[in-house]
Amino acid sequence: MIHAHITTWLLGIILFFVAFSFFKSGKEKPFKIVHMVLRLFYILIIITGIVIVSGVYQLNGEYIAKIILGIWTIGTMEMVLVRSKKGKPTRIFWIQFVVVLILTILLGMRLPLGIFHF
């Protein structure tokens with residue numbers, strides 16, 4: 001299930017940048033389609049994350065922090081796209097997205113199922 005989770009969030013990040021580039025280039029219909037597919041991937045990311053966490057023997061603070069950071073990452077992605085579409089400033093959400101994405105990935109790699117478990 002780890003591979004499915006990594007695949008979904010990796011594709012989600014790619015779709016996020018594709019949707020944003022469609023928006024910036026003024027292609028509204030492709031933007032809307034990719035944005036809806038991205039929202040489907042948000043759900044898949046959350047479902048695969050729930051399956052992984054449900055198999056954890058002891059849920060500690062690091063897992064809870066990872067869940068919160070993951071949901072925060074999804075929220076910032078959505079806020080960037082929605083606020084861009086509405087013509088509102090997105091700088092603070094871009095900063096949050098980058099910082100929270102890095103923290104989420106690093107914490108995921110540090111957890112017992114990650115590659116940097118120590």
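Glu62 and Arg110 form a salt bridge, with their closest N and O atoms 2.7 Å apart. A salt bridge here is a side-chain nitrogen of Lys or Arg within 4 Å of a carboxyl oxygen of Asp or Glu. The pair links distant parts of the chain, with Glu62 in helix 3 and Arg110 in helix 4, 48 residues apart. Helices (H or I, at least four residues) are DSSP runs, numbered from the N terminus. Glu62 is partly exposed, because its relative accessibility is 27%. Arg110 is also partly exposed, at 30%. Buried means under 20% relative accessible area, exposed means over 50%, and partly exposed lies in between (1.4 Å probe, protein chains only).

The model is predicted: local features need pLDDT of at least 70, side-chain atom pairs count only at pLDDT 80 or more, and totals for chains, interfaces and linings use all residues. Residues are numbered from 1 along each chain as its sequence is written, and side-chain values use heavy atoms, with hydrogens and water left out.

The whole structure holds two salt bridges. Glu78 and Arg39 also meet through their side chains in a salt bridge, at 2.6 Å from N to O. Glu78 belongs to helix 3 and Arg39 to helix 2, so this pair ties together parts that are 39 residues apart in sequence. Glu78 counts as buried, at 17% relative accessibility. Arg39 counts as partly exposed, at 31%. In general, side chains of opposite charge can pair when their charged atoms come close.

Aromatic contacts were examined next. A search of the whole structure finds eight aromatic pairs. Rings of Phe, Tyr and Trp (its six-membered ring) pair if their centres lie within 6.5 Å; planes under 30 degrees apart count as stacked, over 60 as edge-to-face and the rest as tilted. The ring centres of Phe20 and Trp94 are 5.0 Å apart and the ring planes stand at 80°, so this pair is edge-to-face. Phe20 lies in helix 1 (residues 2-24) and Trp94 in helix 4 (residues 91-110), so the pair ties together parts that are 74 residues apart in sequence. Phe20 is buried, with 15% relative accessibility. Trp94 is partly exposed, with 21%. Trp94 also pairs with Phe97: their ring centres are 6.1 Å apart and their planes are at 85°, so this pair too is edge-to-face. Trp94 and Phe97 are separated by about one helical turn, because they are three residues apart in helix 4. Phe97 is buried, at 2% relative accessible area. One aromatic cluster is formed by Phe16, Phe17, Phe20, Trp94 and Phe97.

Helix 2 (residues 28-54) has 27 residues. Helix 2 reaches 39 Å from its first C-alpha to its last, close to the 39 Å expected at 1.5 Å a residue. The expected span is 1.5 Å times one less than the number of residues in the helix. Buried residues of helix 2 include Phe31, Val34, His35, Leu38, Phe41 and Tyr42. Ile45, Thr48, Gly49 and Ile52 are buried in helix 2 as well. The buried residues of this helix pack against helix 1 and helix 3.

His5 is found in helix 1. His5 is buried, with a relative accessible area of 13%. Contact means heavy atoms within 4.5 Å. Leaving aside neighbours within four places in sequence, His5 contacts Ile45, Thr48, Gly49, Ile52 and Lys66. Met1 sits in the segment before helix 1. Met1 is exposed, at 51% relative accessible area. Residues up to four places away in sequence not counted, Met1 touches Thr48, Val51 and Ile52. The C-alpha atoms of Met1 and Leu44 are separated by 12 Å, although these residues are 43 apart along the chain.

The surface carries a nonpolar patch. Leu59, Ile64, Ile67, Ile68 and Ile71 make this patch, with an area of about 440 Å². Patches are made of residues with over 30% relative accessible area and no salt bridge: like charges are joined within 9 Å, nonpolar side chains (Val, Leu, Ile, Met, Phe, Trp, Tyr) within 5 Å. Accessible areas come from the Shrake-Rupley method with a 1.4 Å probe; for residues, only the protein chains shown count as cover. Ile68 is placed in helix 3 (residues 61-86). Ile68 is exposed, with a relative accessible area of 52%.

Conventions. Helices (H or I, at least four residues) and strands (E, at least two) are DSSP runs, numbered from the N terminus.
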